[in-house]
Amino acid sequence: MITAVKEFGRGLTQPFGAPAGAIEAFIEVPFMLGEKRCYPDGLIRVTRGQRSWTALVEVKTGTNELGTEQLENYLDIARENGFDALITISNEISPLAGQHPTKVDKRKLRKVAMHHLPWSQILAAAVVQKEHRGVADPDQAWILGELIRYLEHPRSGALEFEDMGASWVPVRDAVGAGTLRASDKGVADVAARFDALMRYVSLRLGRTLGTEVVPALTRREMAEPALRNTTLVESLVRDGRVSGAIRIPHAVAPLSIELDLRANRVTCHVDVDAPREGRPTTRVNWLVRQLRAAPESVRIEAFAMHARGPGAAELLRAVREDSAVLVQDPKREIRSFRVALTSPLGTKRGRGRGAAIDSVLDAVETFYGEVLQNLRAWTAAAPKMRDVAELPKETSPALASTALSSQDGVELAASVPAPDSSDDGADDGAAVTM
């Protein structure tokens, strides 16, 4: 498929360092590793001019997981043959982008890079390319459509994110009972599954919007994946909550997602900067006007400048009736708003009705469609040109001292005395009172 549809092939290979050249693909190429013959599922070669990039490919479908020993063998083959990378494809979703779901000996990655593509990411890339970015050749577009049709079939083996893991229910029950500890078995796995869910939510929403949606992580979290997991575990043990955010291009701010396992609630919210001018009620009305299509159950919280603690919070139905309910102190300027929507969190670990995964997907799609996509950042109005008063036509141009300045008002022009026609011209230095 990557050789048949140029745009799709380049979109998958270029992020891994391949040049924008001709793509060749082969299946089950035999290699000798010592006395053992190995058959990687595929080999990709991209050539442009004198440069050539080659990668081995290993594929798993269904619930099959990648094996450490097999991947390390393929890394050795790639190193011996001077190949650039090993690409793995499976239904496993890494907690963080760029992190591989299977741990291997890091020494084997010194000369060969290892990348991972979840089937859900390949499906998302295919849909975005065909439906939003476009394919130049109609025949290639039809071929790509057949790939999408195949991957979306439940018997293709290309599954979506299907399970929160075996530890989900025990950890959720321990949170409800208040007995969860950081050292308990399965807590770290639930935290990792949550981050994997955030990646899947990003791919799913990006597939719908036709753009690249990614989890919003700090540089330190991306550099130290263990730090992110530790933070989630601490929050889960302390508050019974885990939270993350996704970044959507051109959205007013990242979309934050929080799961409360004690209350079984999922909350989506976005923080919006308030206008920098106008009265507090004017700033509230600016936000309410953008929420015409939002449900009345949306919660709005207003944060005042230099104020401590939580701000005034009310449901949208009350704010529509009276914007002053969000103004605690009329003398304090409102600096920002938080717009949130809460819905029930499913308890089941899998997919379907009453499942946690589906409840999060529904919450995100509802919040984006009814709230976030309608919000725009405030921008100051462009400065308007000032009207400059014109001199009366009867004023003599010879009287330089009466010329108007940009600092003069309209009333000044009306107060300039006209020259006396009876004057004999002996004194042409008329006095003007400023």
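**Entry 1: salt bridges**

I began with the charged side chains, and my count came to 18 salt bridges in what is a predicted model. One of them joins Lys108 to Asp76, and I noted 3.0 Å between the closest N and O atoms.

I next turned to Glu221 and Arg228, whose side chains meet in a salt bridge with an N to O distance of 3.9 Å. Both Glu221 and Arg228 are buried.

For another entry of this kind I took Asp329 and Arg332, where the salt bridge has 3.8 Å from N to O. Here I found Asp329 to be partly exposed, with a relative accessibility of 31%, and Arg332 to be partly exposed as well, at 35%. Looking then for salt bridges that share partners, I found that Asp76, Arg79 and Lys108 are joined by them into one network.

**Entry 2: the aromatic pair**

I searched for aromatic pairs and the structure holds 1. Its members are Phe31 and Phe83, which are arranged edge-to-face, with 5.9 Å from centre to centre and 80 degrees between the planes. I wrote down that this pair links distant parts of the chain, since Phe31 is in strand β2 (residues 31-33), whereas Phe83 is in the loop between α2 (68-80) and β6 (85-90), 52 residues apart.

**Entry 3: strands β1, β4 and β5**

I followed the pairing of strand β1 (residues 22-27) with strand β4 (residues 42-48), which is antiparallel and runs over 6 bridges. Within it I picked out Phe26, whose bridge partner in β4 is Leu43. Strand β4 is also joined to strand β5 (residues 51-59), and I noted 7 bridges between these two antiparallel strands. Here the bridge partner of Val46 is Trp53 in β5. The hairpin of β4 and β5 has 2 residues between the strands, and in this hairpin I saw that Gly49 takes a positive phi near 65 degrees.

I then traced an open sheet of 7 strands with antiparallel pairing, and wrote down the order as β8-β9-β10-β11-β14-β12-β13. Its edge strands are β8 (214-215) and β13 (312-315), each of which pairs on one side only. Inside this order I looked at strand β9 (residues 241-247) and strand β10 (residues 255-260), which pair in the antiparallel sense over 6 bridges. For Arg241 I found the bridge partner Asp260 in β10.

Last, I asked which strands the helices meet. Helix α9 (residues 280-289) lies across β11 (265-273), β12 (299-304) and β14 (334-344), and runs at about 40 degrees to β14. Helix α11 (residues 356-370) packs on the sheet as well, where it touches β9, β10, β11 and β14, and I noted that its direction makes about 30 degrees with that of β11.

Notes:
Residues are numbered from 1 along each chain as its sequence is written. This is a predicted model: local features need pLDDT of at least 70, side-chain atom pairs count only at pLDDT 80 or more; totals for chains, interfaces and linings use all residues. Side-chain values use heavy atoms; hydrogens and water are left out. Rings of Phe, Tyr and Trp (its six-membered ring) pair if their centres lie within 6.5 Å; planes under 30 degrees apart count as stacked, over 60 as edge-to-face and the rest as tilted. Helices (H or I, at least four residues) and strands (E, at least two) are DSSP runs, numbered from the N terminus. Two strands pair if DSSP finds at least two bridges between them. Contact means heavy atoms within 4.5 Å. Axes are lines fitted to C-alpha atoms, for helices over the stretch in contact, and angles run from 0 to 180 degrees between N-to-C directions. A salt bridge is a side-chain nitrogen of Lys or Arg within 4 Å of a carboxyl oxygen of Asp or Glu. Buried means under 20% relative accessible area, exposed over 50%, partly exposed in between (1.4 Å probe, protein chains only).
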